[in-house]
Amino acid sequence: MINSVYLLVNKGSWRALSFILAILLTACFFFNIHQFASELRTANPIWVVLILWSTVILWIHGMGFDIRSDLGKYLFFPIFGYLISFVALFQHFLY
């Protein structure tokens, strides 16, 4: 089942979106390092891990790595990365 769902997002336009979102999240981390570090102290640690995990997912998907194992496709499913990154970017630019 995961193979058929993964094939839906394994296209060039989705990979380009993953690459752009990965660049945006990484830029938010590096260019706002003082604000990001101060917010890390008050943020939920699970939320911070989820943001970093979504960044890794988006980099892997955006760079075009081919994941062959089913467990890898579950762990690095791009839709999870999209959802978490959209929420994180929305929170970052809203506040």
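Predicted model: local features only at pLDDT ≥ 70, side-chain atom pairs only at ≥ 80, totals over all residues.
F19 counts as partly exposed, at 31% relative accessibility. The protein chain has six helices and zero strands. Read from the N terminus, its elements run α-α-α-α-α-α.

**F19 and its ring partner**

- F19 pairs with W59: the ring centres are 5.6 Å apart and the planes stand at 85°, so the pair is edge-to-face.
- The planes of an edge-to-face pair are over 60 degrees apart.
- This pair links distant parts of the chain, with F19 in helix 2 and W59 in helix 4, 40 residues apart.
- W59 is partly exposed, with a relative accessibility of 29%.

**Other aromatic pairs**

- The count of aromatic pairs comes to five.
- One of them joins W14 and Y82, whose ring centres lie 5.5 Å apart with planes at 35°, so this pair is tilted.
- W14 sits in helix 2 and Y82 in helix 6, so the pair ties together parts 68 residues apart in sequence.
- W14 is partly exposed, with a relative accessible area of 33%.
- Y82 is buried, at a relative accessible area of 4%.
- Y6, W53, F77 and F80 are linked into a cluster by ring pairs.

**The chain overall**

- The protein chain has 95 residues, and buried residues make up 33% of them.
- Among contacts with a separation of 6 or more, 78% are between residues 24 or more positions apart.

**Spans listed in the record**

- An unreviewed UniProt entry lists residues 12-33, 45-62 and 74-94 under "transmembrane region".
- Residues 45-62 are 100% helix and 0% strand in the model, and the end C-alpha atoms of this span lie 26 Å apart.
- Residues 74-94 are 90% helix and 0% strand, with end C-alpha atoms 30 Å apart.

**Helix 1**

- Helix 1 covers residues 2-9, and its buried residues are I2, Y6 and V9.
- Seen down the helix axis, these buried residues fall within an arc of 55°, so they line one face of helix 1.
- L7 and L8 are exposed on the other side of helix 1.
- Helix 2, helix 4, helix 5 (70-75) and helix 6 are among the elements that cover the buried residues of helix 1.

**Helix 2**

- Helix 2 has 20 residues, which at 1.5 Å a residue should span 28 Å; its end C-alpha atoms are 28 Å apart, so the two agree.
- The buried residues of helix 2 include R15, S18, L21 and A22.
- L25, T26, C28 and F29 are buried in helix 2 as well.
- Down the axis of helix 2, the buried residues fall within an arc of 150°, so they line one face.
- An α-helix has 3.6 residues a turn, so residues three or four places apart point the same way.
- On the other side of helix 2, G12, S13, F30 and F31 are exposed.

**S18, a buried residue of helix 2**

- S18 lies in helix 2.
- S18 has a relative accessible area of 0%, so it is buried.
- Leaving out residues up to four places away in sequence, S18 touches L58, H61, G62 and Y82.
- Y82 is therefore a contact of S18 as well as the ring partner of W14.

**The nonpolar core**

- The largest nonpolar core has eleven residues, among them L21, A22, L25, C28 and F29.
- I51, L58, Y82, I84, A88 and L89 are also in this core.
- Helix 2 (12-31), helix 4 (45-63) and helix 6 (78-94) each give two or more residues to the core.
- Helix 2 gives the most, with five residues.
- L89, one of the core residues, is in contact with L21, L24, L25 and C28, leaving aside neighbours within four places in sequence.
- L58 and Y82 belong to this core, and both touch S18.

Conventions:
Residues numbered from 1 in each chain as written. Heavy atoms only, no water. UniProt positions renumbered as here; feature names shortened; annotations may be inferred. Helix = DSSP H or I, 4+ residues; strand = E, 2+ residues; numbered from the N terminus. Core = buried A, V, L, I, M, F, W, Y, C linked by side-chain atoms within 4.5 Å. Buried < 20%, exposed > 50% of the residue type's maximum accessible area, 1.4 Å probe, protein only. Contact = heavy atoms within 4.5 Å. Arc of directions from axis to C-beta. Phe/Tyr/Trp six-rings, centres within 6.5 Å; stacked < 30°, edge-to-face > 60°. Expected span 1.5 Å × (residues − 1).
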